Amino acid sequence: MPVPEGPAVVVGQVGRDLVLEVDRLPRGGRSADVRRRRELLGGKGANQAVAMAQLGWPVALVGVLGDDPPGDLVLAQAVSDGLWVSGMVRRRGAETALLVDLVEAGGTRRLAGGPGRPLSLIHISEPTRRT
């Protein structure tokens with residue numbers, strides 16, 4: 001597959017995923033020991049951008065993060081994954097989105113949104129969108 005000359009631009013949600021692997025998902029009122037914990041760059045837009053970068057395409061990611069320490073980590077991970085991030089916007093006073101993914105040994109999953117809802121381009125002020 002030839003690599004394109006110009007970058008692909010992916011516009012979409014960007015956040016963080018907390019993946020917790022357990023032997024069995026707990027029932028209500030119970031707990032489970034976590035076998036493995038991973039924090040990853042997440043969000044549909046970021047996931048697509050990383051997949052394209054892994055295939056050798058240059059990719060620019062456009063999205064919105066909170067202006068918080070988790071947003072700093074997400075941005076650093078995007079750069080580490082080879083994404084161009086000059087199109088990322090940090091929204092003051094907002095929390096970076098979090099998705100908690102509980103994964104059972106057999107592959108059954110349960111997803112829960114954490115604090116910080118996904119931010120979209122409507123969360124960028126009008127003057128910023130025009131620049």
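The legends below describe close-up views of a predicted model.

Residues are numbered from 1 along each chain as its sequence is written, and side-chain values use heavy atoms, with hydrogens and water left out. Because this is a predicted model, local features need pLDDT of at least 70 and side-chain atom pairs count only at pLDDT 80 or more, whereas totals for chains, interfaces and linings use all residues.

**View 1. The open sheet of three strands has the order β1-β4-β5, with parallel pairing.** Helices (H or I, at least four residues) and strands (E, at least two) are DSSP runs numbered from the N terminus, and two strands pair if DSSP finds at least two bridges between them. The edge strands are β1 and β5 (84–91), each of which pairs on one side only. Neighbouring strands of this sheet are turned by 20 degrees against each other on average, direction ignored; axes here are lines fitted to C-alpha atoms, for helices over the stretch in contact, and angles run from 0 to 180 degrees between N-to-C directions. Six bridges join β4 and β5 in the parallel sense, and A60 stands opposite W84 in β5.

**View 2. Helix α1 (residues 44–54) has buried residues and, on its other side, exposed ones.** Buried means under 20% relative accessible area, exposed over 50%, and partly exposed in between (1.4 Å probe, protein chains only). The buried residues of α1 are G45, A46, A49, V50 and A53. Seen down the axis of α1, they fall within an arc of 125 degrees, so they line one face of the helix; the arc is that of the directions from the helix axis to the C-beta atoms. K44, Q48 and Q54 are exposed on the other side of α1. The cover over the buried residues of α1 includes β1 (8–11), β3 (34–42) and β4 (59–66), and just after the helix G56 takes a positive phi of about 100 degrees.

**View 3. Helices α1 and α2 lie across strands of the sheet.** Helix α1 lies across β1 and β4 and runs at about 155 degrees to β4, while helix α2 (residues 69–80) lies across β4 and β5 and runs at about 170 degrees to β5.

**View 4. The largest nonpolar core has 15 residues.** Such a core is a set of buried Ala, Val, Leu, Ile, Met, Phe, Trp, Tyr and Cys residues joined through side-chain atoms within 4.5 Å. Those that touch the most other members are V14, L41, A49, V59, L61, L83 and M88. At least two residues of this core come from each of α1, β4, α2 and β5, and the largest share, four residues, comes from α1. Not counting residues up to four places away in sequence, M88 touches V14, L61, V62, G63, V64, L65 and L75, where contact means heavy atoms within 4.5 Å.

**View 5. Strand β6 (residues 98–104) is largely enclosed by the rest of the structure, because five of its seven residues are buried.** Strand β2 (residues 15–22) runs parallel to β6 and is joined to β6 by seven bridges, with V103 in β6 as the bridge partner of E21. Strand β7 (residues 109–113) runs antiparallel to β6 over five bridges, and the bridge partner of V100 there is A112. β6 and β7 form a hairpin with four residues between them, and G107 in the turn has a positive phi of about 105 degrees.

**View 6. Over residues 127–131, pLDDT stays under 50.** This value is the predictor's confidence in each residue, from 0 to 100. The protein chain averages a pLDDT of 85, and 82% of the residues score at least 70. For residues 127–131 the model has three contacts beyond four places in sequence. Where pLDDT is low, the predicted coordinates should not be read in detail.
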